[in-house]
Amino acid sequence: MKFKDFSIRKKLIFLLMTVAFSVLILGGTVTIVYDLVTLKKELQSELLALTKIIIPNCVAALEFKMPEDAQDTLSVLKLEPNIEAACIYLNDNQKFATYYHSNKSFNLLSQPPSQGFHLQRSGLSFIQPIYSNGVKIGVLFIRSDFSKIRAHIHHLLIVSIGSTLFIIFFAYLISIRLHRIISDPVSHLVDTAGRITNMNDYSIRAHLPGNDELGRLSQSFNLMLDEIQKRDIALSNAKNDLEKSVDERTAELNQSNIKLRNEISEREKADKLLRNIAETVSGENYEKFFNSLVQHLVTELEVKYAFVSVLNNEEMNSVNTVAFCVDGLIQENFNYKLSGTPGENVLGEKLCIYEKDIRRQFPHDKMLKDMGIEGYCAIPLFASNKAILGLMGIMDVWPLKNDDRIISILQILSARASSEIERKKNETVIREEKERLAVTLQSIRDGVITTDIKGKIVLINKIAQELTDQTADEAIGRPVNDVLNLINGKTRVPYDDQVQKILKTKEIINLGQNVTLQNKYGIERSISHNGAPITDQNDNVIGVVLVLRDITLLKKAEDDKKILELQLLQSQKMETIGTLAGGIAHDFNNILVPIMGYADMSIRDLPDNDRNKMRMELIIKAGTRARELIKQILAFSRQEVLEKKPSSIQAIIRETLDLIRATIPANISIKDKLDGKFGMVMANATQIQQIVINLCTNAHHVMDKGGVITVKLENCKVNDHFILNHPQLGNNSTIKLTISDTGKGMKPEVVNRIFDPYFTTKGVGKGSGLGLAVVHGIVTSHNGTIMVDSIPGEGTVFSVYFPLADIDNDANDTMTTPSSKAGNEHIMIIDDEEDVVGLIEEMLTLMGYQTSSWTNVNEALETFKNQPEQFDLVITDQSMPDMTGLQFAKEILEIRPEMNIILMSGFSESLTKDNIQKFGIRAYVMKPVLSGELNAVIRMCMDRSPD
């Protein structure tokens, strides 16, 4: 029996016993654990106390090697019955003195364990070293058994058993009491409910004294019985009333049945007449059907006129008759307007009947007047989608009679007339759709093929015929796979029968744009291929339609677009690098300004033999190198159209190698052979740097395990045959740049494509394939030529030929020496960096100039506006928070057009020679600048002849 089926008394006893046992077990466990922990600590304290007594008394015995005295000291342990054994060990683990309890047996170890307490199953050991004057002379070992603990546990078990018996007895007494208080009243309620059920007597009541939960339950139980008793009486009364109502209704239904049988008899007569009409007109074609219909209406309803008309879709306010009968004779069809006629109301989606006087109700209807119509009845004709198709009706020169019969016949025949009109319309629509489909299939620019349920072609349009080189006569009736040879454009694997796949899965397929179609002559074209099942009205597959689109030109355009997108991405990357380099250059040059400037001024105050002067010179030298490095970075990252000018390609390559040596791995060395005298080349320094960087970068990428890059420059006279193959060189005098590596080389098929855009042999993330294409473009733009020679396993050599420029080399090596003469002019200094302003002000003051400086450009401009004649020259920074240097110069020149202005900048993309001259600025100085260089620019502006 399950617990839920126990009586309440048994449940109470079980729960009380469970709680009692749980409390007893938990309490006993906690007590035993606590006592064991406490006894263990007491035992450890006892061993510590004995150790403190024994060790001091054994020190002398150990020092003087008197084991008898040590033995006597250990003998005091016999006063402690729980001590099993003790031993004093010498440093060499020899037993010096031992102690054993008389009634205990314990085997001492040959050597003492480690220091501290050791707990075993049968006892607790304690080991303590013995020291004399800080020197260890022995070890004391004491072991105690658990006799005290076992005695305590035995006592606890006796107490626990007694407590258990007491709790069980107490719980039993409580359960008996709870049974009298709870289960007895509940049993009383159960007995009362059983008597009510058995006797079906709702007057019986439960009696439980008290106002507790059981007492209130008893009161609620009695109230429920009161309500049930009331409802039982009401239900009995309602039953009697219902029986009376049923008798009355039965009598009414008998009378209605009699009346209904009479109506059915009349209806059957009318239906018989309608079946005759329907049988007569069935099976006729469209025109004969409606002619026969109106003739029967005239005959059966004994009227003069009958008609069926169809709504004119072109003129929604008019209809065309499809059948019109007068006195049993078919008349010619005609069109008439509905406005102002009874037909207008009929098309309002309801049957209309006018028994008499219709001409008076529609005085503007000429047809009613001409025909002398007196009575009129018509009904609208609806399509299956509830749209109005037209109307059907009768007319007579006498008032209409027997209204119910007329309405019944028109309602029944209207459904048949509507379906016939709709069928005719659908046939027309289908015929027109077929014609449009045929024209469309031949007009669209996609190839279309349809098949039957067996996968054989039933239709192929002109475009599909051109794609497959198959005529309609050749293709129709054949399986699709005999006409369509489809191949995967990437894997070159033929596709399975896609038609059978569609017929089997009933799903649309899309092979995408990776499909190649081979015609019967083997000519291939790229196509997109889609297929879908053709289904009937019941969603049954009856064939397949395939759509083929020639995308050969589109694929080529997409490939070209991808190339352009990658080129744009590369351009954007270079633009970003240029922007980043510009920002770094601006900040870095501002940092170099005080470093180099103050070092330059410090040299002036130091004697020639001062060691600090040499240190300052080294600072200036290092700063100059940093300045030149920034110039190289800016030259490489600049994105504007770069002009070509006579250049020493030798110097450009040296600077570039200095730049890239720090970027390649340490296991790759660069050897240069650039010594000698070489001619000038019409070149752009930045683009020459780009050639060297790209070729060296490619070289170190193919030497993962290290190697050597050799850069060589030589004068080269090429022969006429070489010029014939490379006419862009123009003459036989060239400079040949050779960059070679000791890498793994390339195969001939790779060499043939090495300069193709986006062709790369590197892994993903190691290059875009643009580097060598860019190099080839730069060389070509310089009227040069590039050649590559590579042997697999031995390395690669790139040879670049540049035509020599026909100019005087010495003319480009001249340099102007800065002027050392200073002056006393008043100079305005503006820069948002306080360190820069302070340095320039101090630098110019030491030269003898008068200076006024500002870090706020707006304040400087306001001062100049108030005292424009006070200043002789303005030195302004370009990049400032509120106003650029160019904007500030424009404001100054509007006030004093002849004002001398020197523009300074760490970097600015907007500064060029053209726009500086356009603004009227005299000179442009790149930061950092030394005092001598700045003075030379100032004197150039102040001492030059006026324009």
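**Close-up views of the predicted model**

**View 1. Phenylalanine 289 and phenylalanine 290 are both buried.** Buried is under 20% relative accessible area, exposed is over 50%, and partly exposed is in between (1.4 Å probe, protein chains only). This is a predicted model, with local features needing pLDDT of at least 70 and side-chain atom pairs pLDDT 80 or more, while totals for chains, interfaces and linings use all residues. Residues are numbered from 1 along each chain as its sequence is written, and side-chain values use heavy atoms, leaving out hydrogens and water. Searching the whole structure turns up 12 aromatic pairs. One of them joins phenylalanine 289 to phenylalanine 290, edge-to-face, at 4.9 Å centre to centre and with 80 degrees between the planes. Rings of Phe, Tyr and Trp (its six-membered ring) pair if their centres lie within 6.5 Å; planes under 30 degrees apart are stacked, over 60 edge-to-face, and the rest tilted.

**View 2. Tryptophan 854 meets phenylalanine 871 edge-to-face.** The ring centres of tryptophan 854 and phenylalanine 871 sit 6.1 Å apart, and their planes make an angle of 75 degrees. Tryptophan 854 belongs to strand S27 (residues 850-854), while phenylalanine 871 is in the loop between helix H22 (857-866) and strand S28 (873-877), so this pair ties together parts 17 residues apart in sequence. Helices (H or I, at least four residues) and strands (E, at least two) are DSSP runs, numbered from the N terminus. Both tryptophan 854 and phenylalanine 871 are buried.

**View 3. Tyr305, Phe324, Phe334 and Tyr336 make up an aromatic cluster.** What holds Tyr305, Phe324, Phe334 and Tyr336 together as a cluster is ring pairs.

**View 4. A nonpolar patch shows up on the surface.** Its members are Leu580, Ile584, Phe588, Ile591, Ile595 and Ile619, and together they have about 530 Å² of accessible area. Helix H14 (residues 552-604) supplies the largest share of the patch, five residues. Isoleucine 619, for its part, sits in helix H15 (residues 611-637) and is partly exposed, at 35% relative accessible area. Patch residues have over 30% relative accessible area and no salt bridge, with like charges joined within 9 Å and nonpolar side chains (Val, Leu, Ile, Met, Phe, Trp, Tyr) within 5 Å. Areas are Shrake-Rupley values with a 1.4 Å probe, and for residues only the protein chains shown count as cover. A salt bridge puts a side-chain nitrogen of Lys or Arg within 4 Å of a carboxyl oxygen of Asp or Glu.

**View 5. Asp587, Glu833, Glu834 and Asp835 form a negative surface patch.** Aspartate 835 is part of helix H21 (residues 834-847). With a relative accessible area of 52%, aspartate 835 is exposed. Asp and Glu count as negative, Lys and Arg as positive; His and chain ends are not counted. Each charge is placed at NZ of Lys, CZ of Arg, CG of Asp or CD of Glu.

**View 6. Asparagine 93 and lysine 506 have positive phi values.** Asparagine 93 has phi near 70 degrees and sits in the loop between strand S1 (83-89) and strand S2 (95-100). Its relative accessible area is 28%, so asparagine 93 is partly exposed. For lysine 506, phi is about 60 degrees, although this residue is not a glycine. Lysine 506 lies in the loop between helix H13 (498-505) and strand S16 (509-518), and its 52% relative accessibility makes it exposed.

**View 7. A cis peptide bond runs from lysine 927 to proline 928.** Omega for this bond is near -10 degrees. Proline 928 is in the loop between strand S30 (923-926) and helix H25 (931-943).
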